Protein chains: 2
Amino acid sequence: MSDQITDMDVFFNPKSIAIIGASDTFKFGYNMTKYLLSSNFKTYPVNINKDFIFGHKVFKNINDIPDDIELVIIIVRNEFVLQTVKDSVKKGVKGIIIETAGFAETGIKELVKIQEEIEKIAKNSNVRIIGPNCVGITNFNNKFTTAETDFTQSIDGGTISVIAQSGVLGNIFIEWSASQKIGFSKTITLGNKVDVDEIDILEYLEKDANTNVITVYLEGVKRGPKLVEILRKLTKPVLILKNGRSEIGSKAVLSHTGSIAGNDKIYDTIFKQYSGIYRVNNFYEMFNIAQVFATQPLPKGKNIAIITSSGSLGIIACDEIERLGLNLAVLNELTIQKMKSVSPNWTSLKNPVDLGPSLFTTFSHSLKAILNDECVDALLYIFAVPQMPIKAFSLPITPQLREMRNLSTKLNKPIITCVFGSRWIVEYFLKHSDKYKIPIMTQISHAIKAFKFMHDFAVSNKI
Amino acid sequence: MSDQITDMDVFFNPKSIAIIGASDTFKFGYNMTKYLLSSNFKTYPVNINKDFIFGHKVFKNINDIPDDIELVIIIVRNEFVLQTVKDSVKKGVKGIIIETAGFAETGIKELVKIQEEIEKIAKNSNVRIIGPNCVGITNFNNKFTTAETDFTQSIDGGTISVIAQSGVLGNIFIEWSASQKIGFSKTITLGNKVDVDEIDILEYLEKDANTNVITVYLEGVKRGPKLVEILRKLTKPVLILKNGRSEIGSKAVLSHTGSIAGNDKIYDTIFKQYSGIYRVNNFYEMFNIAQVFATQPLPKGKNIAIITSSGSLGIIACDEIERLGLNLAVLNELTIQKMKSVSPNWTSLKNPVDLGPSLFTTFSHSLKAILNDECVDALLYIFAVPQMPIKAFSLPITPQLREMRNLSTKLNKPIITCVFGSRWIVEYFLKHSDKYKIPIMTQISHAIKAFKFMHDFAVSNKI
């Protein structure tokens, strides 16, 4: 295994690419082949059975290609992988991504052995290898991808990077996040990790100017002490989802990517020990919280204010605030007086501020009063309004987002909006969340946990 | 408080209705007024300031209405509510729903006092009162509603009934669930509960032929021992979300509906004590699990099989299965052999069965083998496939749903599908879930918890 880390860049910005096993019929890797061949990335298809693919000349062997190749993507059947790796090394490539599955994770002796052979090649050469059993890399900054990412349609990038083990999930993440307006910088799936692992990528992302938040989906770790060392050094916030917690879960890890899940308590202890490392419970939580880190200023304290149109949902937020050791902000008497001057007598103006049906007439005034209150460090806005009056009377939602954005920027306080209701309402908010950089989510517990992690991160960085 | 329980029916099937405070300008209750006046429900608008509303003659006072009135809906401002209640009692109505807010929950002495006056009237008359501070009833069976439910658009009903405290949420629930294809029978919001409370409604729903599952959102309870008594007697499964768990949460409960949240540990003990009563953590979990109870057969044991296209997501399911004390089904060797005959050598056929990219060619065969295995009591299907190949090659999803439905019915085993990916994919599944009665959700933890509760319910009912 090479000690260089700058060599990772070949996976994200390759100057020339060969796809071994490229195909124009429906199989794994079809879309990637089609996209790369039509893109500006210098791409050569290799396939022993084909002459032309999507109008491009096909080479029988990578060594037939007249130009230098920096990166190889291998999608041939598992029994042919070892030979194509050897061919690639002979060609003098810098990086290989093996996407094909069917190695150590099967538990079948011969297939485990092939993986070990590939591992040896990586150790004894300067070639870096990602995989097998993965979908490699997607770089939203230059639109390079070895996954099924559809860059022919516009996808908004961002500053969140993702390290994952599973190939299928590498694609799914991207599609889901596009729906949620969660912007990625780079996504990396590592599969069985014969060479490149999360440590290499963490080091790369720590230095990557386009990455502000790192999210990691982990099944097993091969270099434990080294992981601990890098986690200690990282300055960017890292959200980790570690599965295979249970006994039956860890057995499933073994047959998924051939990794050892390890004792969950040890992971938990390690993750808790270092500032900036946060463990999450599921993917939705991971990306919702990452989005807050990526778009909101850090809170200066732990006093949370709530504006809601539903008292019940305000109470749920209170329960979460106490559970996570944050404070429900005690509003200044002046703040309450300011709100009282415009509110009906039945609105509840103590935090949580429940504006009920008066939401649209009193929101602006209340928002200003609350965010300007020096006892308030962060705001959770809970929107729960039936869609009928919104549609019938064109009630203005985007002005609320704009006002929140302006005040959040001006006063340097983070804001999250939780939306409850029909798909139509949630979609409406999401459509505009990107422009106004106000994270939209549907789970109050994720929002409060985001504030908690942001607060802890601020404290540990003495901000 | 009246002891009769059959008197609840006036709220769900009123023969004649008066809306006091009816209005044709934008305010709370506008949509409800518009809907009821255009519906077949015999509805009379009452408003001292209007002559006609949506073409209907308006009465200045309920006592001016020449016909008998069974149910009154009050939406006038809080200071006028007491008088309209007195007028209604004089008219001889059977039920009153006070939707107006601004009573005990404000903590303002005069407003608390008005609520107490109304409470006295309920005690000393035969009139039953729901509210104040609620949106009353929606009955999906006869399309009667006192909330903002849009029955002018088609909403699919179902067999899940909802008891909630908060008015705003009463509306939101319905809109959200329509998006999720979760079918309701009746939704009831109780607000400050001067008279009718969750106990009255639980007794009603237990007898209601159209309700199979009861969900309850609870903030505080006034008749604790009586609630325990009814919970013990119920034969239908009940899912309870109880908030105000924390200290600051319970303070917020007080200023929301003027209720006392009570000690959370006591609730927890009570809920655990009775079979068929299950506590959930949030609304999404509540309705996802309710949907499983409403549409799936009870499992005969606790052995769960998993078919997945993503190994990682299979592992998450394994962790949840162990955490909740269920079993990962150990597949019969014959079942594995049946699947092996059609699967590529790299697929992982031990449970969780990870079909990976071969999902569409091997699903049908695998599903049949697994469901026919007598060691399998329930199936979780985890669908995580990028949308590009689905769109490009029209990969068939509805046949999968149909096959699952057919086998589930034939073999009497519950199935849940978890879908991961873009909004488009989730929507695609949801669009067809209703027809095939396979619950679709996006959280694996909800699916496994649903199996757990179903199993417990089956055991406690000796099924």
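1. Let me begin with helix H10 of chain B, which is mostly covered: eleven of its 13 residues are buried. Please keep in mind that this is a predicted model. The buried residues of H10(B) include B:Phe283, B:Met286, B:Phe287 and B:Ile289. Also buried in H10(B) are B:Asn288, B:Gln291 and B:Thr295, among others.

2. How far apart are the end C-alpha atoms of helix H10 (residues 283-295) of chain B? They are 18 Å apart, and this agrees with the 18 Å that its 13 residues should span at 1.5 Å a residue. The expected span uses one less than the number of residues.

3. Next, the domains. Chain A is assigned a domain 1 (6-289) and a domain 2 (297-460), and the C-alpha centres of these two domains of chain A lie 38 Å apart. Their contact takes eleven residues from domain 1 of chain A and twelve residues from domain 2 of chain A. On the domain 1 side, helix H10 (residues 283-295) of chain A gives the most, with four residues. By class, that side of domain 1 of chain A has four nonpolar, four polar and three charged residues.

Technical notes
Residues numbered from 1 in each chain as written. Chains lettered and ligands numbered in written order. Predicted model: local features only at pLDDT ≥ 70, side-chain atom pairs only at ≥ 80, totals over all residues. Domains from an automatic or database assignment. Contact = placed C-beta atoms within 7 Å. Helix = DSSP H or I, 4+ residues; strand = E, 2+ residues; numbered from the N terminus. Nonpolar A, V, L, I, M, F, W, Y, C, P; charged D, E, K, R; others polar. Buried ≥ 20, exposed ≤ 12 C-beta atoms within 10 Å, placed from the backbone.
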